[in-house]
Amino acid sequence: MNKFLLIFASLFVSIVVTAKTAREEIYENINLSGGGYLTYPEPIGVEYTKVPKGYTPFYISSYHRHGSRFLIGKEDYVKPQQLLHKADSLGLLTAEGKKVMGKVDSVCALAKDRYGELTNIGFKQHKGVAQRMYNNFPDVFKGNKTIDARSTDVIRSILSMFAETSTLIANNPKLNLFIDASAHDMYYMNHWFNPINKTYGNLPEVKECKNNFAQKHTHPERLINELFKSYPYTLSHLLNKNKTYISLWEIASNLQNIDTDIDMMYLFTKEECYENWSRSNVGWYLECGPSIQTKQMKPYVHSNLLRNIIETADKAIESDTIAATMRFGHDSVVLPLTILMHLNNFYYVTGDMESLADNWHTYDIIPMACNIQLIFFKSKKSDNPVLVKIMLNERECHIPIEPYSDVYYEWDKVKDYYLNNVLKNIPVQE
C-alpha cells in the first residue's frame, strides 16, 4: 500500500472511531431509519473546499435518483388497510388499532392512483438541487452551451428531470436543452437485467443470509399486541405478524415524503426503528454492495454507467460546448455506482451482517433525490491538467488516489484508476 492509501485508510479509521453509531443517529432522528425513504438532506451550512488557483468549473456530469415518491405498489397501501378492516369487522381491533386504521385510511386516500409517483416534496427537492448547482457553479452554465439530460422511462424520473432542467433554463434561457427517456439508454441508465445480476443475485447463500438476519431482527409482537386483541386462533389465521408489522413500517417511514400531517412513526420505539432500518440496510447491501456472499460483484451491475460517465466527460472536455450531462433514475443505480466509484468509505467488504450497521449506512447514500455529481475544472494555463471534484448528495468525496489538491483530482488519473483498476476485468454488459 502506498503512502497516500495509508493516509486514506487512517483517515477512514479516524472517521469511524469518532462518528456516532447508526443507533445513536437514528435515536436522535428517527426519520433516518427510513433509509432509502429518507427525504433529501439539503446541504445546509456545508462549506466547499476552495478551488485551486487559476481553475474554473466548466462541465458537470451527474446521476440523480428521482425525488420523494409514494410507495411503489397499490398493495403496499391496500393490503394492510384491508387487513385492519377485516380485523375490525371481527371485533379484533383495540382502541389503538381503530385509530391506526383511520390513519391508514387517510394515507390510502392520499396515495390512491399515485402509486410510485413523484410527490410535491420530490419535485421541490430537484428544483433545489438544480438551483444550488447553478449558484455554486455559474461558470458552467454561461452562454448557449448544451445540457444533455436522460431519464429512465419511469414517470417519477422523467418529472425529476423536468424539475431540474427547467430550473436551469429559467436561470439562463440561452442554454440549449436535449432531453430523452428511452429504452435505448437503459443499458447504462438502469441495466438491472444483466448477466452479473442474474448470476450473483440469486445465490442460495445470499437468500439464506438475508432471511436469517430478517428473522433475528424483526420483532412485531409488541406493536401487534397493541393493535389487535388477543384471540390467538382467529388472529393467527387472519394475519402474518411479520408481514403486517413491516407493511405498517413501510407506510409510516415513507410518510415523510408526502405533504401531510399524518404521523405513524410514533407506533414504533426508537429501537424498533433502528432494527427496521438495519434489516433494510442489510437487504440493500446484499442487493447492491460488495458483500462476501455476492463475491463482491454486485456493484458491477452498473459498470456500463461508469464507462458512460468517462466517455461523455472526455467528449465534453474536447468539445467545450456541453455544460452538463445529467441522468435521472433510481436508488438501485446510485448505490452500486457510489460503491463502484469508491467514494469515501462506501466500498466496504464484509460477510458479517451483524457488524454492517457500524460501517455502512443507506441513509448516507440513497435518500430520495440522492445524486452523484462530478464537477470538472480547467485552468487558464492550457498545459495544466483538467481537474474533477466528486460530490455525493452535494457533499465532497474522497477517492483512493492521490489528489491534486484535497478533494480535487486530475481527471486523467481518475479515469485511469477506474478503467485500469476498477473496470479492468469487467467486460461491457449487454
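Rings of Phe, Tyr and Trp count as an aromatic pair if their centres lie within 6.5 Å. The views below come from a predicted model.

**View 1. Aromatic pairs.** The structure holds 14 aromatic pairs. One of them joins Tyr134 and Phe141, whose rings are stacked. Their centres are 5.7 Å apart, with 25 degrees between the planes. Tyr134 is buried at 17% relative accessible area. Phe141 is buried too, at 1%.

**View 2. The Trp249 and Phe268 pair.** Here the planes stand at 85 degrees and the ring centres lie 5.2 Å apart, so the pair is edge-to-face. Trp249 sits in helix α12 (residues 241-254), Phe268 in the loop between α12 and α13. The pair therefore ties together parts 19 residues apart in sequence. Both Trp249 and Phe268 are buried.

**View 3. A ring cluster.** Tyr59, Phe376 and Trp411 are linked into a cluster by ring pairs.

**View 4. Helix α5 against helix α6.** Helix α5 (residues 120-136) packs on helix α6 (residues 155-171) at about 40 degrees. The axes are 8 Å apart. The crossing is right-handed. From α5, the contact residues include Phe123, Val129, Met133 and Tyr134. Those from α6 include Leu159, Phe162, Ala163 and Leu168. By class, the contact has nine nonpolar, five polar and two charged residues.

**View 5. His302 and its surroundings.** His302 lies in the loop between α13 (270-288) and α14 (303-319). His302 is buried, with a relative accessible area of 1%. A polar side-chain atom of His302 is 3.2 Å from the backbone oxygen of Ser332. Beyond its neighbours within four places in sequence, His302 contacts Asn190, His191, Trp192, Ser332, Val333, Pro336 and Leu340.

Notes
Residues numbered from 1 in each chain as written. Predicted model: local features only at pLDDT ≥ 70, side-chain atom pairs only at ≥ 80, totals over all residues. Heavy atoms only, no water. Helix = DSSP H or I, 4+ residues; strand = E, 2+ residues; numbered from the N terminus. Buried < 20%, exposed > 50% of the residue type's maximum accessible area, 1.4 Å probe, protein only. Polar contact = N/O pair within 3.5 Å; in protein donor to acceptor, adjacent residues only side chain to side chain. Contact = heavy atoms within 4.5 Å. Axes fitted to C-alpha atoms, helices over the stretch in contact; angles between N-to-C directions. Left-handed = near helix turned anticlockwise from the far one by under 90°. Nonpolar A, V, L, I, M, F, W, Y, C, P; charged D, E, K, R; others polar. Phe/Tyr/Trp six-rings, centres within 6.5 Å; stacked < 30°, edge-to-face > 60°.
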